[in-house]
Structures are given as structure tokens and as C-alpha cells.
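Colleague: Can you walk me through this model? I will ask as I go.

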Amino acid sequence: MHIDLKREIKESGPGKTGLIILLLMITVALAAPILAPYDPYQQSTASLLSPSWSHWLGTNHVGQDIWSRLVFGARTSLLVGFGVGILATLLGTVFGVSAALVGGLYEKVVMRIVDAFIVIPMIIVIILISAYIRPGILTLILLLSLLSWQGGARIMRAQALSLKERGHVAAAKSFGANRFYLAWRHIVPDLGPILLVEFIYGVRRAVFMEAGLAFLGISDPTVVSWGMMMRDALSFSYLNVWQWWLVPTGVALSLIIIGLTFIGHAAEPVIEPRLRGVGIA
Amino acid sequence: MLEIKNLRVSYGQDVILNGIDLELGAGETLAIVGESGTGKTTLGLSIMRLVEGTVRGTIRFNGKDLLALSDNEMQQIRWSQIAMAFQNANNVLNPVYTVLNQIIEPMVEHGLKSKKEARDRAAELLRYFGFPADRFAAYPHQLSGGEQQKALLAMAMANNPQLLILDEPLSSLDAAARAEVGDLLRETDKQSAKLVATHDLDTVSKLADRMAVLYGGKIIEAGLTRGVFRQPRHPYTRALIRAYPNMTTVKDLQGIKGRMTRPVSGCPFHPRCTQAIDICQTKMPRLVWNKGRQIACHRGGIITLLSTKNLTRSFGSLKAVDSVNLHIEAGETLALVGQTGSGKTTLAKTIMGLYQPTEGDMYLEGAKVGKRGKDFYKRVQMVFQNPGESLSHRLSALEAVMEPLDVQEIGTKEERENKAIKVLGEVELPQTNDFLNKYPHQLSGGEMQRLAIARALVLDPVLLIADEPTAFLDASIQAKILKLLLNLQEQRGLSILYITHDIAAARKVSDRIAVMLDGKIIEEGPSNEIIAAPKQGYTKNLLRAASALRSTESSNVEQPTLNPPIDEGAL
């Protein structure tokens, strides 16, 4: 089973598109201080200006430069997205693989917790908690990660259960290897492609959740966020500001989510090779 | 009648015999067995007091200490009461005497017979050994090697000695003459005791009731001939039997590692011994009685490496392994034979700890095995059935062989690499960089299995469990892998539990065979006995179904093997 993830993504048109979009967004986020002419937090009396050479996308209701806020918003979005993607995949792998290898009571307890979390509608819980604690970026990453590793854990456990019956795992055991070594050297490497798919969908989910919570106004108001920008823009819907305030923000958010979806879709045949050749309808 | 105590013979600094103790009763035959250079002939010559070196200890013959006698007194005994037939016939016979006169001479010289009586006795002996009357007057150079040997035996027997020392009595004879002379020697002179010095196990089997194995001037094992042949208990004795071509044992010939070296401190065999421990290098073991045998070994002879007691493994109500009692000795191959589904692999995995036993115990070198840790796996390793599965597709050849060392955290990275490369050489794989960086899917089936064997050997285990190691290979590759295992056994003293459904292959590589059916061991014993005289119907069926290349039309389908029936008395 030699699956080449790179080839899988490169050979799919949407896959390539998604990759280009994502790379573009990452570049924007990294280069934000260069691309943004103003401090995104700096307020001025010049509020609700129309686009001009000095303010490309005009200013918002408190006189902040919308273009600068859009560029810095990419940072928040991607930071939360990747942070949660990494942490949730890590948690899912640790619990899923350890449940498969240790077995017994430990496996039962972990998997029942997973079941319980999957049954509870996550969005409601996150909204409730966020409404109380108004999380900053770090807290938000932690919160989203803690509430979204369970689905991955199930997949990892199922895969690890089948991988641990492999001959080379039994062989390694017969050299005296402990479970940690087995997991790290023999099982996780074989999970690689699946981990990546899990990760990408994790990122997508987190980007969406972050924007959503900010849109509902229950995240840290001091952090620049696309969700919050859209919420603010909507309260001036009777003006024509939506053209340069709401639309570019919405497009940016949609692009990231579409990009991640494309990549994830292109990589899916790794988990399920029978999907190969089935394009995006 | 003859009692030798602590006999030491040395030529200058060279100690030839180093504390020999043995006893021989009237009419008994004792064989002294050993490779050339072990001191067999010196022992015979010492009893005759014909050695030129320094002789210490006591040799009591009928109560008299031969070493304390004066030369004159010894002269009385030599050739009349104790006679010796020498090995090298050509040099011993006097070229200017006829055969008849050669035999008359010792009789007349020792004044026991008149010339007339001596001539009659000599003629009688020659006739006994099959000389036609017209050959009596032949000179030694006119005799064949076999006839010379017979003449020497006749000479030695001329005076009806109480003790007859025979040095390689049958070695210069061809097979037919050997059988004939062997019979004659056994039948004749039942009242005289015989000491037979030989390197030839067939001679021992033909002549001697008891045997003593000599190595490096020391007796290392002694006992009843049949018992020793059936179950040698000293590593050297076993190795000697394995190296000897015969019609009884079925395993392929194996040599003994190294060469005999002298002088050696401690046990003389320790440089070649595969179960030597520290004490073997410093202290000479004493010859002691041990379960009906005399053995000189610090470890009490060949040790039992692994034994299981009522080992059981159930899956639900199915007993895949059912109360198995097995033992594996150090340096031997035990073949576990049975059909698919008989529980062979489950047994192997239970021993390895990949399955937990439901019941029963296991002992490794006498110590009970509880939870298997790294120490256990350093000593017991397994080669799995399918090398393509058991090698990770992510590890290169070098990484795969290094993995056990990595897991066990042995040595530095460089040391591990060197060790891995060395083991690759042992299994006859290339040690080039090109090969070291190859991945399993770039290797052939044979190469993969060699790699898997190298990986199992890199920890220097004492026991290797080989689960159908050749199931996925061609016959020609299978032969090479099996040879490799035998060579490794010879060199490292590896014990092998060889699991197979193929009794024909098992017969070639194993010392003992255990037959498994429905999770139980139904029959177990030395390979030749299982092959020649199976007790269980199932084993007979296995043998009947085993591969055979019938080259002649034969109606006798029942004949299970290609082997002729075996004489129990033969080796």
C-alpha cells in the first residue's frame, strides 16, 4: 500500500485549485504587516469612508481601515484553523491509537466518552461556553480542539485495530518493543495519509466555527475577525457600505473554506480508494 | 580388571592425556572415541607402557599397578596378558617375516608355547580370519591392507591376552570386510576384555557395549553405547554424531565449529562449545555420574533451554493449544509438524508471548517465564511465516535489521549499524550500501526471508522459532534457507523450533520431531525413530502423504519413506 498523497492532490484539478488558494491565503496572512497600510486597530474620526486611494476598501464605523482588518483577519482565521486542526488531530490520534493498543477497560472508557461527545450537538455547547467565557484566540483553539477530536479518534482507532494485526507490528513486539514504540514507529506512520485528511477537515471546521462565533458576537471583541467584520457590516445594511465591507470579507472566508474543501476532497481517495475518479459534481 | 585413575601423560610441555579415569571388567568391551589427536593411541600405549613421555597416575591391572612395575616385570605381562593391535599396519609388520612367522614370534618369545603349538595356534587364527592356507607364507608387502590388519589382530590375539587393546581395528577395511571382522572380533575371545580406540562411530557400534568419548586428553562423556547414540548428552558427543554419515540418523550432516586447539585452560572443549559459560574457561570439569551417564561438563551436559508445562491457549471454547509439554535442548532442532490449523503457529505465538497462555507454564533455562520483557526477547526470537508481511515497508534493509537493536537500546548507532551489517554477512546477503538502502518491495522472496532471519539473529538469541520460514519460497531457495539455518546452528549453537507441515523437510533439519494434531502433541521422539517407526496412525498418514520421488514402479505404496528399515542396534 503505497499511497502518494502529493500525487493524489496534484492529479485532481480542484485539488490544485484548493492548494493554490490556501497558499495564497497563507502568504497574505504571513505578509499582513507589509500588505496592510494601517494598524487594523487604529481608530480615526474618518468613519464609514468609501474606498479611495488612501483607504482601498474604505473605513468602518469607528474609522478603522477595512483592507488592513481584512488582511489581519486572515491571520486569526488561519491561526485558529491550523491550531485546532493540529491539536484535534493530535488528540484524536493519541486517544484513538492508544485505545486500540491498550484495549480493555481503558478502550471502553475512551470510546464511550467519544460516543457521548458525538451525540451532543457541538455547536450549541460551544456557543454556550463561549457566551460565558468570551474566549481569546488561545482559549478558543483549546475549546474547539477539546470538542472536535472525537470523530477523528474513532477513525484512528479503527485503523489502528487493523494495523496492529500486521506482521511487522507482531515482529516489533517480538523484539521487546513497548506500546509507545509500536504506536510511534509502526502504526502512526501508516496512518499518515488519513491523519492529513482528518487534519484538513479539522482546519476547515475550525475556520468556520471561529467566524461563526465572532459573527454571533461571543468571541473576544479585541481580536480582528472576519466573522465580527461581517456582523458589524450587517448593522449598517441600510447604507451601501456592504459592497466594500461585507462582500470582500465574505468572499475571503468562502475562499478559505472552498480551498480546504477542495484539498480534502482530492485527498479522500487515500482513505477510500474507491472514490478515485469520482470528481466534484 | 583394568582400573585407570587420574592418568596424565605429557611430552615435555604438551599434555596429551589429562586425568583419565576408567574401569574395564573382564570380558567387557569399551570403546574410546575421539577425533585424531585427542590421545586415544597414547592411552593404549600408556597401558602397554610403551609411551616415551612422562606418565603419572595409576593403571591397575588385576590389582597390580603397571606403572610401578620394573621393566622386567612389565615384559612378562606385555603381549602375553595385555596385547595391542596397532593402527598403522604397514609399519608394524616386520617386512622379512611371513604372516605365519609374524604371529608365531610373540608366542615363542614369551615362552608360552613350543614352536609346534605356536605354529598350530597361528594357523588356527589365520584361518579364523579367513586366510587361505596358501597365503600363510606371504610377506607383508604381498598382503592387501585388509589382510595386514587381520594379521595384526591375529598377532595380538595369539597369546589369548586378558586385555586386548585395538587401535582403529576396522578403519583400514572396506565396508564388507569391516562387517566380517567386526563379527569375528565380537565372537572371539569372549573372556578377554577389549579396549577399542577409534574415531569411527560405526566401529563403536559394532564392537562396544560401553563407550567413552575423549576430547583434548579428557573423557567428556561415558556410558552405554546405545544410550549415548540415542541421546548424546555432551555437546561434543552430539556434534560428533551429527558429523558422522550413517544410515540411522536422518538430519543433514553438520560439522563442529572451530578446530581442536591445545593447550586449553579449563574445559578442553570450551572454545568450540556453544553453551560455554565463564567457569568453562578457567576450571576443568570433573567426570561425574549424571542420570545414568558419566559427563564432564560444568553445565551437566546439554542443557534444556526451553520447556513448556501443560501450555494451553484457548479462543473461546476452542483449545488451539491443548496442554502441550515440550522441551528444546540447547543447540538442537525440534521440528513441530502438523497440518494447517493444528495449532502450530498459535503455540509459537504463545511461546513468544504474542498470545497470553490460558493455562500452563514455561521455563527458559530452568527459570519460570512470567511476563516477557526485553530480556526474554533477547534470548528468544521468531522468524515469521510471510517475510513480506513481517518486514515493514517503511524500513530499509539496514533499518529493518537494526530495529531489534534500536528497540533493545543496545550500543551506539554506529555499533548497531556494524552489528547489523555483520549479521547480513552471516545470512549471506550483500553488505553493499546499495543493498542496505533497499526496501522490502525491491527484494526477492528469498532475500526478504534472509533479511527476516538476519533481523531475528541480530540480538544473538539462543532460541529461534521459525514458523514455516520457507512456505513462500521455491524449492531451490528453500534448500538454501534450510542449509543456512543448519549452518547457523553449527556456528552459534542456536536452538531451533522449526514449524512446518512438511515432514520431509523436517526430517532433514531436525534432531527431534513432535507431531501436533488438534492442539495436542500426539507423538514426539528422535527424528529417525519418528520417521522409521511412527506409533500413531496420524503420523503414518503424514509420512505416507509426504513428498517422495518414486523413480521405480512399486506396488508397495505403504512404504512410507525412502529409508531402508533400520537396525535398532546400529547407530
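Modeller: First a term: a residue is buried if 20 or more other C-beta atoms lie within 10 Å of its own, exposed if 12 or fewer, and partly exposed in between, with C-beta atoms placed from the backbone. On that basis, 47% of the 571 residues of chain B count as buried. This is a predicted model, in which local features need pLDDT of at least 70 and side-chain atom pairs count only at pLDDT 80 or more, while totals for chains, interfaces and linings use all residues. Residues are numbered from 1 along each chain as its sequence is written, and chains are lettered from A and ligands numbered from 1 in the order in which they are written.

Colleague: How many helices and strands in chain B?

Modeller: Chain B has 22 helices and 22 strands. Helices (H or I, at least four residues) and strands (E, at least two) are DSSP runs, numbered from the N terminus. The C-alpha trace of chain B spans about 90 × 60 × 45 Å along its principal axes.

Colleague: Which residues touch the most other members of the largest nonpolar core?

Modeller: They are B:Leu336, B:Val401, B:Ala454, B:Ile465 and B:Leu497, in a core of 147 residues. Helix H10 (residues 179-215) of chain A gives the largest share of this core, 17 residues. A nonpolar core here is a set of buried Ala, Val, Leu, Ile, Met, Phe, Trp, Tyr and Cys residues joined through C-beta atoms within 7 Å.

Colleague: What is B:Leu497 in contact with?

Modeller: Leaving aside neighbours within four places in sequence, the contacts of B:Leu497 include B:Ile328, B:Leu334, B:Ala348 and B:Leu463. Contact means that the C-beta atoms, placed from the backbone, lie within 7 Å.

Colleague: Switching to helix H2 of chain A: which residues are buried there?

Modeller: A:Gly15, A:Gly18, A:Leu22, A:Met25 and A:Val28 are buried in H2(A). They cover an arc of only 155 degrees around the axis, so they sit on the same side of H2(A); the arc is that of the directions from the helix axis to the C-beta atoms. On the other side, A:Gly13, A:Ile20, A:Leu23 and A:Thr27 are exposed.

Colleague: Why is A:Val28 classed as buried?

Modeller: Because A:Val28 has 20 other C-beta atoms within 10 Å. Apart from neighbours within four places in sequence, A:Val28 is in contact with A:Leu35, A:Val71 and A:Ala74. A:Val71 is 43 residues from A:Val28 in sequence, with the two 6.6 Å apart in space, C-alpha to C-alpha.

Notes. Contact = placed C-beta atoms within 7 Å.
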